[in-house]
Number of protein chains: 2
Amino acid sequence: MGTSKKEAFSNSQNRLADLAKALAHPARIAILEFLAKKNACICGDIVEELPLSQATVSQHLAELKRVGLIKGDIEGPRVCYCINQKAWSEAKQLLSQFMVTVKNCC
Amino acid sequence: MGTSKKEAFSNSQNRLADLAKALAHPARIAILEFLAKKNACICGDIVEELPLSQATVSQHLAELKRVGLIKGDIEGPRVCYCINQKAWSEAKQLLSQFMVTVKNCC
DNA sequence: AACTTCTATCGTATTATTACGATAGAAAAA
DNA sequence: TTTTTCTATCGTAATAATACGATAGAAGTT
């Protein structure tokens, strides 16, 4: 057991859950907020901003890349991370629609 | 190791991540969507709607209760699950603000 | 009282996540 | 060429999450 039964759910349910999973760690929230604060791509100074080791930060960046929320462009010796505009819009749309659709009932 | 370093991040970052974690499984998305479709509290027929065992569904409901998104009122032999209006509004506010704040940069 | 119904919890197995040190590789700098 | 800088990946250890059968408890029903 132990394996998530993804195949039993719809594509949109799985996509929404997958996006939420990418946001389900404060370090990844912090990374995205840092990207927002800079309002630019980040080239090489993410590790200093976080209280985690370089290897761990790289893993979190990989998770954000996995769902497509950010992209990394190699630029010389560094990698520049940016919000992936397309996926971010999709996530915003999916999440906000979901939050609005599920309304209170009692 | 293996323990998430929650204490190194802010309260709002942790709360947002925790809410996202509660949404990070298609079964829990499906539960909330089912609540929305019925537009009422659900008393006792959640398990039949999901391709999971009763024990597993109960665990997912407990996770949604843990973050406060739903509440369960005992009503005779059954438990009636409802969206927790207050927590849901808070989640909607936190998530949408976050999604808007993090804008694309390049 | 005995039975049925519904849900939570326990126990357990499996898989996933988190974290970090060490290492490798790529590209600029010396 | 050697060195420095930056990042990804490997290896590993610990914790968390997922799933289900079995069981317990609470509240109606017969």
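In strand β3 of chain A, A:Ile83 is the residue that A:Ile70 stands opposite. The model is predicted, so local features need pLDDT of at least 70 and side-chain atom pairs count only at pLDDT 80 or more, while totals for chains, interfaces and linings use all residues. Residues are numbered from 1 along each chain as its sequence is written, chains are lettered from A and ligands numbered from 1 in the order in which they are written, and side-chain values use heavy atoms, with hydrogens and water left out. Helices (H or I, at least four residues) and strands (E, at least two) are DSSP runs, numbered from the N terminus.

**Sheet of chain A**

- Chain A has an open sheet of three strands in the order β1-β3-β2, with antiparallel pairing; two strands pair if DSSP finds at least two bridges between them.
- β1 and β2 of chain A are the edge strands, each pairing on one side only.
- β2 (residues 70-75) of chain A runs antiparallel to β3(A), and six bridges join them.
- Strand β1 (residues 42-43) of chain A pairs with β3(A) over two bridges, also in the antiparallel sense.
- A:Tyr81 in β3(A) stands opposite A:Ile42, and A:Tyr81 is also the bridge partner of A:Gly72.
- The hairpin of β2(A) and β3(A) has two residues between the strands, and in this hairpin A:Gly76 takes a positive phi near 65°.

**Sheet of chain B**

- In chain B, an open sheet of three strands has the order β1-β3-β2, and the pairing is antiparallel.
- Its edge strands are β1 (42-43) and β2 (70-75) of chain B, each of which pairs on one side only.
- Two bridges join β1(B) to strand β3 (residues 78-83) of chain B in the antiparallel sense.
- B:Ile42 has B:Tyr81 in β3(B) as its bridge partner.

**Helices across the sheets**

- In chain A, α3 lies across β2 and β3 and runs at about 115° to β2(A); axes are lines fitted to C-alpha atoms, for helices over the stretch in contact, and angles run from 0 to 180 degrees between N-to-C directions.
- Contact here means heavy atoms within 4.5 Å.
- In chain B, α3 lies across β2 and β3, at about 115° to β2(B).
- Helix α2 (residues 26-38) of chain B lies across β1, β2 and β3 of chain B, and runs at about 90° to β3(B).

**Surface near DNA strand C**

- DNA strand C is surrounded by 28 residues, the closest being A:Lys21, A:His60, B:Gly2, B:Gly44 and B:Tyr81; a residue is near a molecule or strand if one of its heavy atoms lies within 4 Å of it.
- Sugar or phosphate accounts for 71% of the atoms of DNA strand C within 4 Å of the protein, and bases for the rest.
- An N or O atom in the side chain of A:Arg28 is 3.2 Å from a phosphate oxygen of DNA strand C.
- B:Ser58 has a polar side-chain atom 2.8 Å from a phosphate oxygen of DNA strand C, whereas a polar side-chain atom of B:Gln54 lies 2.9 Å from a base nitrogen.
- α3 of chain A, together with α3 and β3 of chain B, are the elements that give two or more residues to the surface near DNA strand C.
- The residues of this surface divide into nine nonpolar, 14 polar and five charged; Ala, Val, Leu, Ile, Met, Phe, Trp, Tyr, Cys and Pro count as nonpolar, Asp, Glu, Lys and Arg as charged, and the others, Gly among them, as polar.

**Surface near DNA strand D**

- DNA strand D is surrounded by 28 residues, of which A:Gly2, A:Gly44, A:Tyr81, B:Lys21 and B:His60 are the closest.
- Of the atoms of DNA strand D within 4 Å of the protein, sugar or phosphate holds 68% and bases the rest.
- Phosphate oxygens of DNA strand D lie 2.8 Å from a polar side-chain atom of A:Ser58, 2.7 Å from a polar side-chain atom of B:His60 and 3.1 Å from a polar backbone atom of B:Ser53.
- The elements giving two or more residues to the surface near DNA strand D are α3 (54-66) and β3 (78-83) of chain A and α3 (54-66) of chain B.
- Nine nonpolar, 14 polar and five charged residues make up this surface.

**Aromatic pairs**

- Over all chains there are two aromatic pairs, where rings of Phe, Tyr and Trp (its six-membered ring) pair if their centres lie within 6.5 Å, and planes under 30 degrees apart count as stacked, over 60 as edge-to-face and the rest as tilted.
- A:Trp88 and B:Phe98 form an edge-to-face pair, because their ring centres are 6.0 Å apart and their planes are at 65°.
- This pair crosses between chains, from A:Trp88 in helix α4 (residues 85-101) of chain A to B:Phe98 in helix α4 (residues 85-101) of chain B.

Note on methods: Polar contact = N/O pair within 3.5 Å; in protein donor to acceptor, adjacent residues only side chain to side chain.
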